[in-house]
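Dear colleague,

I am passing on the structure below, together with some notes on what turned up in it. Please keep it open beside you while you read.

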Amino acid sequence: MTFYEKLVQHNKKISRLEHLEAICGWDQASMMPEGGNQARSEALAELAVIKHELSTAPQLSDWFEQAGREELDAEKVISLHEMKRSWQQANVLPAELVEQKSLACSKCEHAWRTQREKNDWQGFSQNLKDVVELARQEAQIRAEATGLSRYDALLDLYEPGMTTRELDELFSDVKSWLPDLIQQIMERQSQDVTIQPVGPFPVEQQQDLSRSLMTKLGFDFNHGRLDKSIHPFCGGVPTDVRITTRYDEADFTSALMGVIHETGHARYEQGLPEKWAGLPVGKARSMGIHESQSLFFEMQLSRSELFIDILAPLAAETFQRNDDPALSAENLTLLNTRVKPGYIRVDADEATYPAHVILRYEIERDLIEGKIEIEDIPELWDKKMSEYLGVSTKGNFTDGCMQDIHWTFGAFGYFPSYTLGAMYAAQFMAAINKEMNVDNLVRERNLQPIFNWLDRHVWKRASTASTDQLLIDSTGERLNAKYFKQHLEQRYLK
């Protein structure tokens with residue numbers, strides 16, 4: 001057995017543990033009874049330590065050195081590079097820190113579920129302090145190992161190659177035109193007459209509608225399922241993808257668009273190349289590219305007027321309201337393209353959404369760099385929400401700084417991926433439109449050519465190329481935020 005083959009075998013063993021970790025995490029968030037949390041947290045912490053020990057096994061250093069001397073074809077060279085990158089990321093952290101982080105995050109996330117409902121910032125912040133302290137320790141260790149800043153070292157885990165310098169430039173540009181664009185859109189929409197659908201919309205029927213749309217979007221139910229949780233997410237593994245959403249019987253559109261969003265994530269996972277299964281090179285390129293797929297499905301495709309022509313009759317039939325004008329395609333289009341600043345990121349329209357992301361990025365960047373502390377978050381959150389969106393969250397922690405799950409499990413550096421994803425998605429759609437007429441395809445109910453393009457240019461590429469190279473190969477250029485701005489102007493101001 002060659003040293004490269006030994007590394008492949010070793011990485012597949014780690015991948016099987018990640019499989020178990022993913023399914024246990026899904027169960028903890030969606031199915032597990034309250035009383036099971038302590039034992040589950042301890043089990044997941046133990047699993048994290050075992051996985052870490054495998055990822056940092058002492059023989060790996062020699063194996064990588066020996067594999068680097070072997071004659072490998074181009075694909076295996078790329079695979080070896082990704083395995084080594086994963087090994088280097090794991091190798092810098094001591095096992096004790098990995099275990100402490102797993103326990104602190106499980107405790108924080110579990111408590112957050114009830115503390116958020118109670119608007120209990122004081123209680124939540126005590127748990128969050130432990131998570132942030134451990135995240136800072138991790139950031140410092142990674143920074144020393146990579147030569148990056150502390151926040152950039154965490155950012156690199158989610159968006160390899162991206163830096164705060166580039167993000168600050170991108171987001172500063174967005175902030176220069178976004179508030180005015182939002183105002184223009186709101187003024188244009190001020191004369192629209194909309195009819196708010198009146199519930200109840202039973203959860204069972206919403207689930208039926210969600211599954212119907214997931215099927216039309218190509219989700220493979222033989223390798224995945226849909227369930228309920230407090231916070232929508234897509235988890236599991238490519239052969240067993242788990243989507244969750246939260247339902248509101250007064251408003252079916254929120255859960256439905258959440259499901260469509262997560263279906264974009266799921267299609268990416270289900271489309272990853274089987275030949276690289278269980279290896280780092282076979283994983284999604286970055287969280288930004290992952291978000292580009294969910295936002296492509298939700299924003300670029302499913303909120304378009306022509307796609308809502310598909311959605312509306314399905315909704316009317318599912319809820320047995322064929323004569324309800326609130327469920328007409330015209331009305332649902334107006335409702336699903338409504339731009340209005342609000343509190344909740346996951347419910348935000350695509351025009352105001354970047355402001356939610358930029359706010360979180362600026363806070364977590366300064367939190368990890370030690371420029372601010374936990375106690376500063378509520379005031380900063382309210383200040384930035386007021387400045388960017390004209391909405392105050394003073395005293396409203398539930399709909400303010402406690403609304404997201406990401407910080408509870410230490411995912412600092414993740415949030416920028418959402419707006420990067422929106423930019424990538426707009427650039428992908430612009431490239432697809434150069435090859436085919438997307439409007440005609442949607443009008444003809446023929447979405448497969450669109451999915452084939454994504455499969456060829458994004459899904460099957462996995463991590464065989466850098467984000468920059470993937471964009472150059474598929475669109476002809478590196479990330480260019482002009483496509484995102486053009487998309488918003490075309491949809492809302494033309």
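**The annotated residues and their surroundings**

His265 is buried, since its relative accessible area is 7%, and buried here means under 20%. Please bear in mind throughout that this is a predicted model. His265 lies in helix H10, and, if residues up to four places away in sequence are not counted, His265 touches Cys234, His290, Glu291 and Ser294.

The UniProt record, in an unreviewed entry, gives the annotation "binding site" to His261, His265 and Glu291. These residues span 31 residues in sequence, yet no two of their C-alpha atoms are more than 8.8 Å apart, so they gather at one spot. His261 also lies in helix H10, and with a relative accessible area of 10% it is buried. Leaving aside neighbours within four places in sequence, His261 is in contact with Glu291, Ser294, Leu295 and Glu298.

Is Ser294 buried or exposed? With a relative accessibility of 0%, Ser294 counts as buried, because the limit for that word is under 20% relative accessible area. Ser294 lies in helix H11, which covers residues 287–302, and, once its neighbours within four places in sequence are left aside, Ser294 is in contact with His261, Gly264 and His265.

**The sheet and the helices on it**

The model has an open sheet of 3 strands in the order E1-E3-E2, and the pairing in this sheet is mixed. Strand E1 (224–228) and strand E2 (233–237) stand at the edges with a single partner strand each, so one side of each is left without a neighbour in the sheet. From one strand to the next, the twist averages 20°.

Helix H9 (residues 203–216) lies across E1 and E3, and H9 runs at about 150° to E1.

**Two packed helices**

Two packed helices are described by the angle between their axes and the distance between the axes. For helix H10 (residues 252–271) and helix H18 (residues 448–459), the angle is about 60° and the axes are 10 Å apart, and the crossing of H10 and H18 is right-handed. Which residues make the contact? From H10 they are Arg267, Tyr268 and Gly271, and from H18 they are Phe451, Asp455, Val458 and Trp459. Sorted by class, the contact of H10 with H18 has 4 nonpolar, 1 polar and 2 charged residues.

Technical notes
Residues numbered from 1 in each chain as written. Predicted model: local features only at pLDDT ≥ 70, side-chain atom pairs only at ≥ 80, totals over all residues. Heavy atoms only, no water. Axes fitted to C-alpha atoms, helices over the stretch in contact; angles between N-to-C directions. Helix = DSSP H or I, 4+ residues; strand = E, 2+ residues; numbered from the N terminus. Left-handed = near helix turned anticlockwise from the far one by under 90°. Contact = heavy atoms within 4.5 Å. Nonpolar A, V, L, I, M, F, W, Y, C, P; charged D, E, K, R; others polar. Buried < 20%, exposed > 50% of the residue type's maximum accessible area, 1.4 Å probe, protein only. Pairing = 2+ DSSP bridges. UniProt positions renumbered as here; feature names shortened; annotations may be inferred.
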